[in-house]
Amino acid sequence: RQEAAEYYRDHRVPQRMEEALNALFPLRPADLYGELANYFSKFSKAPVICKLVGRKVLDGVGQPTLEVEIYCTVKNYEKRICSTVMSFHSQIPENALPETNEADEKERNDSVNTAVEWVSDSLNTMLRDLKPTDQCKVDEMLGEYFTKQAEFKKEIEKQEEAAAEVTLALTSCTPSATALPGGKKAAKPGRKVSAAERMIPPAEPVESVLCGSLAIGATSLAIAKAGATVSRIPLYLHIALLKHGQDLPKEMTLPLPMVTLLNCEKIPPAKLKLMKEVMLIPPVQLSLKQGIERVLDIQKEMTRLLESPGKVQSSPRLADSKKGKAHNTGKKAPPRALKRISHLGCLITGCDNLEQPLLLMQTACNNLGLELGTDMYLAINCAAHELMDYVKGKYEILTGMFKSPDEMVDMYVELINKFPFIIALIDPLRKEDRQQWNNICCALGSKCYLIAEDAATCISKLKSDQKINIPTCSGVVLKYINQTKVSDLIELTGLVDGQRHITILGSPDGESSDDSLVDLAVGLGARFIKLGGLSRGERVTKYNRLLAIEEELAKNRTLR
């Protein structure tokens, strides 16, 4: 009894019990024991990580990816706090050869399996007993672990190369000619090489991704979610506090959504290859909810127009009143869509020329009484890196129509002058065409945003270089993939903001139903967010999260 009394006195239990009883008696709460539990919970120890679980799950297109679960010791009990599903980003273009896709699938499976092993074994042991709120320390340890794994892989590769050289010397085997980037055939020996082929900068090698690196990014994000959960605040607020050194901004701004409406397919009979995505950007004077509703109206009208055979028709409810305004009525419509939805969550259609999707979009808006350039804006993801024919040294923008990098710049200038409601071009050129990036920025920099997505260096390299090591541009699309950590994004967005570039957070092609990307974009203060279209559950759940955050900020009067 003496030991018990000393034990409780050392922990100030009698004093705090008396304080609790005195504080609660005037309130006379309906649930007395529940209120006592709440009162004493503030004296309990902070939750610490006790277990990490890695699991192989499927993403939105049925491909394997990684889920990480975080368990913490909370008031002496093990409790599941949260989980995150990492989006897997593939760098394989749409027009890749079947054998390339098969190799990519195998690499993906190996990477996910390795990531599951890392999380459930090494990282589980390494992060045990750390506080989930200590993001910087966790990310530092994850970075050190990744560096060790990368060095280990390099040593193995050196040994394999040495063994291969020995084998080659013994067999005196002549290596076969390798295929050029883009799946094009190599030039025949002895053929005269054109000036264009000699002058075009070769494609930079794709940066290798360490097998299992998915575990680093997934664990870092899961820890951030756990930190927000135990702190009882939303993830976007937790990220904002981490970025601004626990000094919360008085107001927060929502990123403008870039909503993909059309995905222009690149297979016959379609001829247009240039526009991978045609996106809508609502004007800033609309609330997010109003903007999304307007995009949905345009999407419905676009679907109606694509289903109409022959000619583009005006909407029945506006045909009489808008005869003068719908000046594009009578233009030939693109080939009929088959009500197919892309993995990007948007309509798929084929087009015969560069203007067709833009005129179609213009007609849809006119039929609704909307004016592009005032009531709605467009952005185009050109994905130019997928169009380069390395044999000809030119971009194939239409089937059989090729343009040099300089001709591409002239084409974009003409396009923007004709359709001034296009306010953003994403990847209009390859990152290797740096001179043409400078030229297009000089010509169009004051008229629209010129954004680097594939043309941007990976996040880890941007961070290590401490500069935006990409062609001259207005901003970059950042994707939370592979070994990217939350601390990396916080540091890099600060760097981008400091250099007066705009930040766009984009979702990878292989998207999951995890909506953490939206909280990251809001907490980091991104200017735009690129989530794909308003179809497919894994896409729509993010738009729903964005709408919920808008409602919450408006309710708290912290929405700028």
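**Charged pairs and strands**

Reply: Start with one contact. Lys 530 forms a salt bridge with Glu 277, and their closest N and O atoms are 3.1 Å apart. Keep in mind that this is a predicted model.

Me: Which strands hold Lys 530 and Glu 277, and how far apart are they in sequence?

Reply: Lys 530 sits in strand E15 (residues 528–532) and Glu 277 in strand E5 (residues 277–281), so the contact ties together parts 253 residues apart in sequence.

Me: Are Lys 530 and Glu 277 buried or exposed?

Reply: Both Lys 530 and Glu 277 are buried.

Me: What other salt bridge does Lys 530 form, and with what N to O distance?

Reply: Lys 530 also forms a salt bridge with Glu 453, with the closest N and O atoms 3.5 Å apart. Glu 453 lies in the loop between E12 and helix H13 (459–465), while Lys 530 is in E15, so this pair ties together parts 77 residues apart in sequence. Lys 530 and Glu 453 are both buried.

Me: What is the general idea behind such pairs?

Reply: Side chains of opposite charge can pair when their charged atoms come close. The structure holds 24 salt bridges.

Me: Which residue pairs with Glu 69, and where do the two sit?

Reply: Glu 69 forms a salt bridge with Arg 55, the closest N and O atoms being 3.3 Å apart. Glu 69 is in strand E2 (residues 64–74) and Arg 55 in strand E1 (residues 48–58), 14 residues apart.

Me: Which residues are linked in a network of salt bridges with Arg 55 and Glu 69?

Reply: Glu 67 and Arg 80 are linked with Arg 55 and Glu 69 in that network.

Me: Now strands. Why is strand E11 described as largely enclosed?

Reply: Count its buried residues. In strand E11 (residues 422–426), five of the five residues are buried, so E11 is largely enclosed by the rest of the structure.

Me: Which strands pair with E11, and in which sense?

Reply: Strand E7 (residues 377–381) runs parallel to E11, joined by four bridges. Here Ile 380 stands opposite Leu 425. Strand E12 (residues 449–452) also pairs with E11 in the parallel sense, over three bridges. There, Ile 426 has Ile 451 as its bridge partner.

Me: How does the chain cross from E11 to E12, and with what handedness?

Reply: The chain crosses through helix H12 (residues 434–444), and this β-α-β crossover is right-handed.

Definitions and conventions
Residues numbered from 1 in each chain as written. Predicted model: local features only at pLDDT ≥ 70, side-chain atom pairs only at ≥ 80, totals over all residues. Heavy atoms only, no water. Buried < 20%, exposed > 50% of the residue type's maximum accessible area, 1.4 Å probe, protein only. Pairing = 2+ DSSP bridges. Right-handed = clockwise from strand over helix to strand, strands pointing away. Salt bridge = Lys/Arg side-chain N within 4 Å of Asp/Glu carboxyl O.
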